[in-house]
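Work through the exercises below with the sequence and the 3D structure in view. Each task is followed by its solution.

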Amino acid sequence: MSHSSHSHDTPPPEEFREHDDFNIREVHGAIMREKSEPRDAFAPIPLWVIAVFMALLIWGASYLVYYSGGFKSTVFNRYQPAWGAEALASAPKGPVDPMVLGKRVFTANCAACHQPTGLGVPGAFPPLAGSEWVVSGDWHGDNHLVRVVLHGLQGPIDVEGKPFNGVMPPWQQLKDAEIAAVLTYIRNEWGNSAPPVSAEQVAKIRAETAGHPQPFTEADLKAIPAEKFEAAPAAAPEGTTPPAASPAPATPAETAPKA
Amino acid sequence: MNPTTQEENHAAVSHAERDRLERAAIDASTRLPVILFYSSAIFWLLVGTVFGLLAAIKMNIPTFLDQWGWLTFGRIRPAHLNAVAYGWASPAAIGTGLWLMARLCRTPLKHAKLLISAAVFWNLGVAIGICAILAGDSRSIEWLEFPNYASGLLFISYGLISVWAVVMFHFRQPGHVYVSQWYILAAFLWFPWLYSTSNLLLNFEQIQGGAQGAVNWWFGHNVLGLWFTPIALATIYYLIPKVLGRPIHSYYLSILGFWTLALFYSWNGMHHLIGGPFPAWMISASVVASVMMVVPVITTAVNFHMTTVGHFNALKWSPTLRFTVFGAVCYTLASGQGSTMAIPSLNVITHFTHYTIGHSHLGMYAFFTMVMYGAIYYIMPRVVGWEWPSSRLIRWHFWLVAIGIVFMVIVLSVGGVLQGLALLNPNVTFMKSLEIARPWLWMRSGSGILLTAGHIVFAVNFTLLLLKFGKRRSGPTLFGKRAEVESEMHAV
């Protein structure tokens, strides 16, 4: 740098001159007496400091292996081991219980109208508990129930002998497995008892009714012959059975109940 | 003595003489900004102390002064934090950082008058921000309570200061770059980055949901670790060798300490969110980084200790050294405590208790503030050209704040652990856990009175120095009788 190329025995460089009015010697007793600016000595780093550093690095790495949740953005439970025998032992086994998933879907989407008790609101929202629409009594079939959830229902209807006249919105945005689970749930809660609904059955009806323009009416449904689903195959709704030997950590939906 | 040696002697004398002239010119060039930043810092220290004391008393007597909205706890407490963090600590750090940078770069501060406007902007921002908090316009984000019209002013001012520091570094005299310079340069670059990013993401264009918490604590911890800590470490690295006239023990330890601090400290913030709705890896990475902070801390502790060892009697007479070494020891303690507090099984006890408050005062006061006192005691006589008027006031200042802060940290730690254990015990009601903490909070208020008294003593001595009060002293203001320390007084 050219600005600092002056040698040591020349007078102070230009940039210091502006302070010449400042009476340095008289005022700066502190500056006169102080020692030179700090400098470095070069003692080596003590071995024990290196040892502590290495030990901490090993500890830190193992801690992250155990408690990082595999660095996945969806794992929130620190205590879910990501690796090793513990992880295998705590990985979810078998299918999701449709009653658990169904209850969650019901609480999030249905309970506002049909109520957590499944009794509905008299005169406004029909009950699900004991409803022939749900357990496929009278002229109703399982295929009708799936259509109602997928596409909604409007106009005057009759439930448990009481008239209702409102609109239920369509729920096509729910996945097949979610619709299957929530239907299985309402068919087996509040004293109801009916065979479970499978995701495949929902998928089949979703395909058949694709492009159905608006919510069904009671008359529409009556025109469709009632079907009773076979008892669903033993397998759980699709996509929720992890490969048996996979040590992959659980998805949040699966781990949440543990937390 | 042969003629050659005489000539060499003559050259050595003129070299030393030239060094002194150079230092004098540098000190003169930094004079106005440094005095301005220090004076305003001490003003805000007093204001912040009053807020802190009021907030402490309100923990004991909740109805105290509750008839005025602007004096309620929810406003006084953030006013305390912001007054001491942005009013006291930051300007003290800026003044110290600029002076050290100028000295170590051996280059005068050019166009220092422009930095006066930075000091004015900064204080305007702090004043507006504190008033806004008291008026109820706080952003309710811890460490970032200032509304945009105040934080914007701070940012402009800080931008100016950063540019000055970097420019000074660019025009440094050739030669070795000392460890203090690394820390100051890094801190002057890190803080504007932290402050602007977190204000943009939280106060200007808010990001969504839980990510706000992450950004909040990314800032909240980094402002300590990447702004206040490096400035204080730079000050310790300068003052201990300077006063003792010894080289710093190990350049290699300095390097290890600097880079491990930069690497690990920046991850620490998420340990405030243990148990929160964040992906496991974020929290775990932060826990690991917090424990890894042991490395830079023992590294600097060894470096400071080995530099001072054998010269501890200097603490008896040098005010600068006594405050600075007190701070250096407390850095080790505060960081060690912080590492343990990040371990989840201990965090479950201390989180959401007064223990955390004790820890933050150990860091921001017993470490940072004490080091800044040391720096102010060293720098002020040089930039003002007047020795400290009263050795007795310095002694009172030291003992009041040293006893006050040690007492505060102890009672908050004990009270905090008891409170935490009570909160975890399902058989103890919440109200009972508050009662358990109560006597300890009374003692904390007592320690606050000691600190307040110490600050008043300090402010009085500082004002007397600015007014060049009394007779001109011929030597430094030291603890103890002058005759006892004659041999060593030249250093201070």
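In helix α9(A), A:D142, A:N143, A:H144, A:L145, A:V146, A:R147, A:V148, A:V149, A:L150 and A:H151 are buried. Buried means that 20 or more other C-beta atoms, placed from the backbone, lie within 10 Å of the residue's own; helices (H or I, at least four residues) and strands (E, at least two) are DSSP runs, numbered from the N terminus. The model is predicted: local features need pLDDT of at least 70, side-chain atom pairs count only at pLDDT 80 or more, and totals for chains, interfaces and linings use all residues. Residues are numbered from 1 along each chain as its sequence is written, while chains are lettered from A and ligands numbered from 1 in the order in which they are written.

**Exercise 1.** State why helix α9 of chain A is largely enclosed, and find what covers it.

*Solution.* Step 1: ten of the ten residues of α9 (residues 142-151) of chain A are buried, so the rest of the structure largely encloses this helix. Step 2: the cover includes α8 (132-135), β1 (153-159), β2 (162-168), α10 (176-186), α11 (199-208) and α12 (218-222) of chain A.

**Exercise 2.** Describe the contact between chains A and B.

*Solution.* Step 1: chain A contributes 46 residues and chain B 55 residues, two residues being in contact if their C-beta atoms, placed from the backbone, lie within 7 Å. Step 2: on the side of chain A that touches chain B, α4(A) gives the most, with eight residues.

Notes: A residue is buried if 20 or more other C-beta atoms lie within 10 Å of its own, exposed if 12 or fewer, and partly exposed in between; C-beta atoms are placed from the backbone.
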